Amino acid sequence: MREYDVVIIGGGPAGLAAAISVKEEGIDNILILERENQLGGILNQCIHNGFGLHVFKEELTGPEYAQRFIDKVKDMNIPYKLNTMVLDLNKDKIITAVNEEEGIIEIKAKSIILSMGCRERPRGAINIPGSRCAGIYTAGSAQKFVNVEGYMPGKEVVILGSGDIGLIMARRMTLEGAKVKAVVELLPYSSGLKRNIVQCLDDFEIPLKLSHTVTDIKGKERVEGVTIAEVGKDRKVIKGTEEYIPCDTLLLSVGLLPENELSRKAEVKLSNITGGPVVDESLETNVNGIFACGNVLHVHDLVDNVTAESLNAGKNAAKYVRGESFKGNKIEVLAVDGIRYTVPQFINPENVEKSIDVRFRVGDVFKDSFISVYFDDVREMHIKKRILTPGEMEKVKLTRGLLDKYPNCKRITIKVEGK
């Protein structure tokens, strides 16, 4: 059995940043495991720009952003294994993986960083009625066909779901000559970034139908058309609002699910809201020495935020290996009154050097509201927000000084307030 100080599972943007951070902390005995044939993860198929504005202060495409980190990993001589699938992981931090050259390999790690990313919710998860014909793809699959393989999935397209991938594929299909008939969204608001709604739909005059869903798919061999209908506040179809749209392709952008099968095997506690691990201020899970970062932890809107989070995870994993992490009383961070979740869910003030960013998403659209932070029953922060939407991740910065002000605090509560 091979032994490493830190093993990073996943060689996408989260895993690459985490590995670089571990190495910069002076830990050399590390390894990245990646199941694909190249590093970079999902960024390799995201050829649009808009990446890197926060980290590099310039606009890059997905592959360009990934390459910056791949180059650094190679320059720092960080070892990695490609085409290597992790089959099993247990709470003793023993990894079972397989690849073509070595067969089944076993690895023992002092610390593990989970950075497996997320996957798309498929058609089967949303139970759309209709025939099982060709021409139905997840938006990410269509993106890979167009950007990597050079195939066009179809010419007349309807997109169900207005997540960022769906919005970006509406623009991409249009630029490749397809006609995007509509983007259909079940909720009364888009779950994508505002800039993507403007740049991908408004600029190309692609209609966005909010509070609508697909109720039927027609076609025997290939999709011939879909029926959409309006839904009420209870998300049930309003009869008489049905509209038939002829098309040959239906793209699904109906949510992303953190890839946590391995986490479950290691008995890592998962959040019912995010689908990712429950972590503390160090991004450590309930299993000592196992850390999580990136989209495996919670679905991010910007890869720049993934990088910042992963650098932090790497730093803390290195501290764990050196025996420098402090196990003290943890303050629970609660999300209530319009806040869906927070990351982290627990904070040990002793491990916070200067400050900690608590990231969260709201569960609805709020206008002219406040984000309030309570230490037990004392309101310490009251931040005015012109608009809050579920598609945009928010954060509050808690300083060490503020945490020290309440040495006996049991819970920190974050909520949306009207005044």
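Leu 87 is partly exposed, with 37% relative accessible area (buried means under 20%, exposed over 50% and partly exposed in between, with a 1.4 Å probe and protein chains only). Leu 87 sits in strand E6, residues 85-89 (helices, H or I, have at least four residues and strands, E, at least two; both are DSSP runs numbered from the N terminus). Together with Met 85 and Ile 104, Leu 87 makes a nonpolar surface patch of about 280 Å². Patches take residues with over 30% relative accessible area and no salt bridge, joining like charges within 9 Å and nonpolar side chains (Val, Leu, Ile, Met, Phe, Trp, Tyr) within 5 Å. Accessible areas come from the Shrake-Rupley method with a 1.4 Å probe, and for residues only the protein chains shown count as cover.

A quick word on the ground rules: this is a predicted model, where local features need pLDDT of at least 70 and side-chain atom pairs count only at pLDDT 80 or more, while totals for chains, interfaces and linings use all residues. Residues are numbered from 1 along each chain as its sequence is written, and side-chain values use heavy atoms, with hydrogens and water left out.

## Where H1 meets H7

Helix H1 (residues 13-24) and helix H7 (residues 303-322) have axes that come within 7 Å and cross at roughly 35°. The H1 and H7 crossing is right-handed. On the H1 side, the contact is made by Pro 13, Ala 14, Ala 17, Ala 18, Ser 21 and Val 22; H7 brings Val 303, Val 306, Thr 307, Ser 310, Leu 311, Gly 314 and Lys 315.

For the terms: axes are lines fitted to C-alpha atoms, for helices over the stretch in contact, and angles run from 0 to 180 degrees between N-to-C directions. A crossing is left-handed if the near helix is turned anticlockwise from the far one by less than a right angle, and right-handed if clockwise. Contact means heavy atoms within 4.5 Å.

## Salt bridges

The structure holds 31 salt bridges (a side-chain nitrogen of Lys or Arg within 4 Å of a carboxyl oxygen of Asp or Glu). One of them pairs Lys 330 with Asp 280 at 3.1 Å, N to O. That pair links distant parts of the chain, 50 residues apart: Lys 330 is in the loop between H7 and strand E20 (331-335), and Asp 280 in the loop between helix H6 (261-265) and strand E19 (290-292). Lys 330 is partly exposed at 41%, whereas Asp 280 is buried at 3%.

Glu 353 lies in the loop between strand E22 (346-347) and strand E23 (355-362) and Lys 315 in helix H7, so the pair ties together parts 38 residues apart in sequence. Glu 176 and Arg 172 also meet in a salt bridge, at 3.1 Å, N to O; Glu 176 is partly exposed at 40% and Arg 172 buried at 18%. Then there's a network of salt bridges linking Arg 35, Arg 119, Glu 259, Glu 261 and Arg 264.

Ala 182, in strand E12 (residues 179-184), is buried at 1% relative accessibility. Leaving aside neighbours within four places in sequence, Ala 182 is in contact with Val 157, Val 158, Ile 159, Pro 207, Lys 209 and Ile 245.

Gly 130 is in the loop between strand E9 (118-120) and strand E10 (136-138) and is partly exposed at 40%. Not counting residues up to four places away, Gly 130 touches Arg 123, Asp 216 and Ile 217.
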